[in-house]
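This report covers a single protein chain. Please look over the sequence and the model before reading on.

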Amino acid sequence: MAWAPEGGDTRFGALRLLESGPRGLTEAQAERRLLAHGENVVPAHRPVSWPRRLARSLRDPFTMVLLALGVVSALIASWGTAGVIVLLVAASCLLRSNGEHRADRSTAALRELVASTVTVRRRPDEEAGPREREIPVDELVPGDVIKLGPGDVVPADVRLLRASGLTVHQAALTGESEPVPKQAHDLPEGTDHLLWQGSSVASGTATAVVTATGAATLYAGAQQAPARKPSAFDRSVNGISWILVRVMLVIPPVALVANALLHGKGLEALPFAVAVAVGLTPEMLPVVVTTALARGAALLAGDGVIVKRLPALHDVGAIDVLCVDKTGTLTQDRPVLSGSVGPDGRADPAALRWAAVNSFWTLHLTDPPTPDPLDEAILDAAPDPGDVEGLRATPFDPTRKLSCALVRTDEAAAYVVVVKGAVEAVLDRCAMSEAERARAAEVARALAGAGARVLAVATAESTTVRTAERMAEHAVSGTAEEAVSSTAERMLEGRAGRAAGRAGEGTRDHRPDEERGLRLVGFVTLVDALSPEAADALAVLAGRGIAVKVLTGDHPATAARVCRDLGLKVEAVADAASLTPRALERATVIARCTPEDKARVVTALREAGHTVGFLGDGSNDRPAMRVADVGICPRSAVDVTREAADIVLAAKDLTAVDQAVLAGRRSTGNIITYLRIALSSNVGNVIAMLAAGLAFPFLPMLPIQVLLQNVCFDAAQLSFAFDRAAPATLRRPLRLRPNGIVRFIVGFGVLNALVDLATFAVLTWGVRAAGRPAFHTGWFIENLLTQAVVMLLLRPTIQVSRPLGLAAGALAVVGLLLPLSPLAGVFGLVALPAASHAWLLLVVVLYGGGLLAINRRTGWIAERS
């Protein structure tokens with residue numbers, strides 16, 4: 001936190017406390033302080049080492065389940081099973097670690113693009129005079145005296161020594177969307193005399209002394225955000241994992257006890273029990289999940305979108321509420337003219353004409369370093385003001401909140417003072433009755449209530465340049481009463497003035513009504529320019545089932561008007577200070593939000609059962625980003641926000657958000673398809689294996705055959721990561737829902753078990769003479785063929801991607817040809833008669849036809865979980 005002097009301290013007191021002076025530090029002092037305080041850099045996110053990243057990948061619940069099975073397999077000397085499990089875990093961890101490493105590297109490259117220098121005042125030694133020079137911002141130290149101008153980013157926390165017309169954008173820290181006026185007070189109150197690192201100068205110039213650098217700044221302190229809560233992906237994966245763990249804790253012991261009671265087998269059946277547990281577990285899940293997410297992240301990277309945390313791709317596809325700021329997302333952060341009315345509120349072009357005269361000559365005669373965006377918006381929309389010559393102008397003053405121009409016209413009054421600025425400031429300087437003033441203020445309030453930014457325009461006319469100049473001076477510094485009193489003073493002096501012609505020549509006597517104060521011409525209204533892509537993007541997001549909530553520090557009416565202009569249906573507008581759960585659910589706009597309010601809103605939405613995304617770019621957005629399911633920011637966001645974000649967009653654009661949503665839903669859809677197919681097949685096989693183990697005096701399949709079958713399944717199912725997305729997948733938020741997946745796999749698992757039992761009947765009747773090897777081989781072939789069928793049919797879309805088609809075909813080929821190959825004896829397989837193949841194919845065809853009939857009648861397969 002920057003040092004803030006107490007109420008009695010002056011600017012010189014601040015310099016004394018910092019052991020500095022107006023001439024700045026000497027080079028030797030700066031060098032010593034650099035060694036003592038360190039470089040002026042925000043503590044950066046340390047890149048995670050490869051070993052630590054791999055270890056973090058092992059904490060995945062599915063991976064831990066597999067490792068537990070691997071340990072059990074090793075304890076019973078089932079080395080083949082243990083080896084395959086280790087290979088799958090290693091592949092999953094390497095894929096995930098590599099994806100996160102690439103995202104970290106891309107983020108680090110963005111950091112390198114942000115480099116800056118600052119103008120500092122230093123002395124070679126104690127005797128030498130001060131010199132101003134540019135140095136890198138990381139070399140700044142407390143006590144340095146720096147100069148700031150329009151467009152400069154404040155490089156550290158500073159205390160103002162001098163300031164002229166200074167306004168600062170500090171939305172990144174405080175959420176204030178408008179530039180904030182700053183002044184170099186002698187006896188400061190509040191924070192008007194302080195600037196913080198990360199803010200930027202909108203207008204004016206300043207000289208300031210550095211009070212804090214590096215980790216001691218307010219900007220660095222913004223990194224202390226709440227720890228991230230479990231995201232939608234974490235909750236879903238944990239739910240599915242615990243279901244599997246519970247089933248695995250029950251089924252193997254049941255298999256052991258049943259074999260011991262019915263067949264007198266005890267520990268001899270342990271390898272079979274482990275094989276059953278492995279058969280139930282989707283071993284490829286970590287690999288398929290990581291591959292699907294990594295592929296989606298790679299496709300987004302081609303569009304400039306960086307996915308820093310792979311599970312965030314699932315989360316962005318699952319969001320049903322997206323919280324955004326107004327400025328820079330829905331608007332372009334620049335104003336446009338929306339209207340011009342008279343004092344009575346009726347449309348009147350006169351206010352716009354005189355506002356344009358004021359803007360034009362203020363810009364040309366004062367020559368500010370950066371034009372005021374309000375003046376530019378007025379000039380863009382205003383007609384030609386006619387033959388008007390500017391004489392002098394006073395630029396907008398953030399303290400008095402107005403600007404003034406003195407011009408000469410060809411109309412009846414040769415000289416006109418034109419004042420433009422805040423409504424209260426201009427009305428105070430107008431010569432009008434209290435009733436007229438109240439009516440004009442009410443008109444201005446109505447315009448502001450409709451969501452517009454309102455500027456008042458007033459003029460005063462004179463036929464002499466000297467009178468006009470005096471009127472301009474009082475218009476800037478005083479009130480209407482002061483302007484009238486100056487007239488009385490000059491009348492008492494009894495001086496005569498020369499009447500001004502075009503060359504300023506000619507004289508006449510001064511008339512007492514020449515200074516009659518300012519006359520209110522009317523009001524001009526401006527609104528933020530809408531983002532050209534925002535309206536279409538909002539409509540697309542609504543079509544995808546995502547509700548957009550606008551969290552802004554602006555006035556409620558301003559934000560609501562922007563939303564309506566973009567076609568966003570505004571159900572309700574709420575104030576963050578008086579927000580209730582019911583109002584939050586209905587509200588489209590939540591106004592007057594502080595950073596803490598944003599985090600509170602996001603947390604409340606998550607507690608209400610929503611999956612929430614948050615799009616922001618300032619350090620004030622970081623708390624909300626950390627508590628959201630997925631934090632999103634543009635590349636232009638401040639460093640600490642980019643570090644906290646899960647997804648970094650090429651630009652602060654809702655269209656880019658939609659691209660990420662689509663990629664997330666495609667990846668999640670493929671993961672759900674894999675889970676449904678793999679688990680329903682596994683459950684069916686396990687039920688059949690347990691039934692056969694109890695019905696037959698021998699194991700229905702050898703453990704090595706179970707392992708080989710699982711390896712074949714796993715290799716083929718990796719193609720799900722490259723599958724096509726069903727149109728229904730993209731229409732609404734999609735997430736891994738354990739209950740929906742369990743309902744699906746139980747239904748189709750039982751159906752698959754019935755097919756396996758039918759296969760047992762065929763094998764018992766058709767290959768009885770061939771013995772157990774033929775039984776094992778027949779079920780092995782049937783399992784691979786039915787797996788190939790369900791890979792194609794238990795999907796929510798008819799279209800089949802090339803990788804999936806090739807994988808299913810390869811699985812069927814392996815099932816038919818492996819028993820005929822030289823490797824058959826290694827796995828205990830034998831060649832079957834042609835008639836047996838025909839019976840097995842008949843079972844598979846009937847199974848496929850049954851799946852199609854069920855789907856056509858119920859649509860169950862296409863239903864998303």
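## Model and conventions

This is a predicted model, in which local features need pLDDT of at least 70 and side-chain atom pairs count only at pLDDT 80 or more, while totals for chains, interfaces and linings use all residues. Residues are numbered from 1 along each chain as its sequence is written, and side-chain values use heavy atoms, with hydrogens and water left out.

## Whole chain

The chain has 29 helices and 24 strands; helices (H or I, at least four residues) and strands (E, at least two) are DSSP runs, numbered from the N terminus. Of its 865 residues, 54% are buried, where buried means under 20% relative accessible area, exposed over 50% and partly exposed in between (1.4 Å probe, protein chains only).

Contact means heavy atoms within 4.5 Å. Among contacts between residues at least 6 apart in sequence, 74% join residues at least 24 apart.

## Helices 12 and 13

Helix 12 (residues 349-366) packs against helix 13 (residues 373-381) at an angle of about 125 degrees, and their axes are 9 Å apart. The contact involves L352, A355, A356, S359, F360 and L363 of helix 12, and D375, I378, L379 and A381 of helix 13. Axes are lines fitted to C-alpha atoms, for helices over the stretch in contact, and angles run from 0 to 180 degrees between N-to-C directions.

Helix 12 and helix 13 are therefore oblique to each other; angles under 35 degrees count as roughly parallel, over 145 as roughly antiparallel, 65 to 115 as roughly perpendicular and the rest as oblique.

## Aromatic residues

The whole structure holds 3 aromatic pairs. In one of them, the ring centres of F360 and W361 are 5.0 Å apart with planes at 85 degrees, so the pair is edge-to-face. Rings of Phe, Tyr and Trp (its six-membered ring) pair if their centres lie within 6.5 Å; planes under 30 degrees apart count as stacked, over 60 as edge-to-face and the rest as tilted. F360 is partly exposed at 31% relative accessibility, and W361 is buried at 17%.

R353 lies over the face of W354, 4.5 Å from the ring centre. A charge sits over a ring if NZ of Lys or CZ of Arg is within 6 Å of the ring centre and within 35 degrees of the ring normal.

## Loop residue G828

G828 is in the loop between helix 28 (802-817) and helix 29 (834-858). At 26% relative accessibility, G828 counts as partly exposed. Leaving aside neighbours within four places in sequence, G828 contacts Q705, P773 and T777. The C-alpha atoms of G828 and M701 are separated by 9.6 Å, with the two residues 127 apart along the chain.
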